[in-house]
Amino acid sequence: LLQKCDLVKQLTRREQLSVLARLRPLEFAAGAIVIREGDTVDIDDFGMYIITKGELDVVDAKRGRLASIYQGHSFGELALIKSAPRAASVVAKTEVRCLALSKKDFLSIVEESEKTMRTNGGGSYVGDVGENSNNDTNSSGVSLKERLTEIANQLEVVRERRKQSAR
């Protein structure tokens, strides 16, 4: 399931395991607002969610329903990575189960990755990044924070295209 998540599948094996260890199960009733457009993610808030059961609607205050998302999809990662306000609301259409990552845990994972990078000589990792990676580290020498920022930028482009095609 984690390998379906756009963000998680770009991480090294070690980073994926670190995320997995910190995910918390949450449940939402149909009609529950999981995240609200414009809200910011505070340190103890859950920032990213991976849907394990159910369906949710992504809703923009001006444009209405933008999309429906379901098992295997993730949401909330842009606000988590970029510390930006939520771009849309996400409302449970059915009973929903998610795995959620808090901002505090996310920052801890980034910090651990940065320490590993420094320990390994400023970026001399061994291994690959990506969905087919079974390795523990990143061979590119690019920090997790930089990789996540690039992933977030790519996700924003994809999601903006989806919004435009939904119009």
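The structure holds one cavity of 30 Å³ or more, where a cavity is a set of points on a 1 Å grid over the protein atoms alone at which a 1.4 Å probe fits but cannot get out. The model is predicted: local features need pLDDT of at least 70, side-chain atom pairs count only at pLDDT 80 or more, and totals for chains, interfaces and linings use all residues. Residues are numbered from 1 along each chain as its sequence is written, and side-chain values use heavy atoms, with hydrogens and water left out.

**Cavity**

- The largest cavity contains about 70 Å³ of space, a volume being the space filled by probe spheres set on grid points that are joined across faces, edges and corners.
- Its lining consists of L7, V8, L11, V19, M48, L101, F106, I109, L144 and L148; lining residues have an atom within 4 Å of a point.
- Two or more residues of this lining are given by each of α3 (103–119) and α4 (144–166); helices (H or I, at least four residues) and strands (E, at least two) are DSSP runs, numbered from the N terminus.
- By class, the lining of the largest cavity has 10 nonpolar, no polar and no charged residues. Ala, Val, Leu, Ile, Met, Phe, Trp, Tyr, Cys and Pro count as nonpolar, Asp, Glu, Lys and Arg as charged, and the others, Gly among them, as polar.

**Second largest pocket**

- The second largest pocket has a volume of about 150 Å³; a pocket is an open set of points with protein on both sides within 12 Å along at least five of seven lines.
- L80, I81, S83, K103, F106, L107, V110, K145, L148 and T149 form the lining of the second largest pocket.
- At least two lining residues come from each of α2 (77–82), α3 and α4, and α3 supplies the largest share, four residues.
- The lining of the second largest pocket divides into six nonpolar, two polar and two charged residues.

**Sheet and strand pairing**

- An open sheet is formed by four strands in the order β1-β8-β3-β6, with antiparallel pairing; two strands pair if DSSP finds at least two bridges between them.
- The edge strands, each pairing on one side only, are β1 (24–28) and β6 (74–75).
- Strand β8 (residues 96–102) is joined to β1 by five bridges, running antiparallel; F28 stands opposite V96, and P25 opposite L99.
- Six bridges join β3 to β8, also antiparallel, and M48 stands opposite L101 in β8.
- Five of the seven residues of β8 are buried, so β8 is largely enclosed by the rest of the structure; buried means under 20% relative accessible area (1.4 Å probe, protein chains only).
- Strands β4 (residues 55–60) and β5 (residues 64–70) pair in the antiparallel sense over six bridges. A hairpin of three residues joins β4 to β5, and E55 has Y70 in β5 as its bridge partner.

**Chain as a whole**

- The secondary structure comes to four helices and eight strands, running α-β-β-β-β-β-β-α-β-β-α-α from the N terminus on.
- Of the 167 residues of the chain, 41% count as buried.
- Among contacts (heavy atoms within 4.5 Å) with a separation of 6 or more, residues 24 or more positions apart account for 73%.

Key: Buried < 20%, exposed > 50% of the residue type's maximum accessible area, 1.4 Å probe, protein only.
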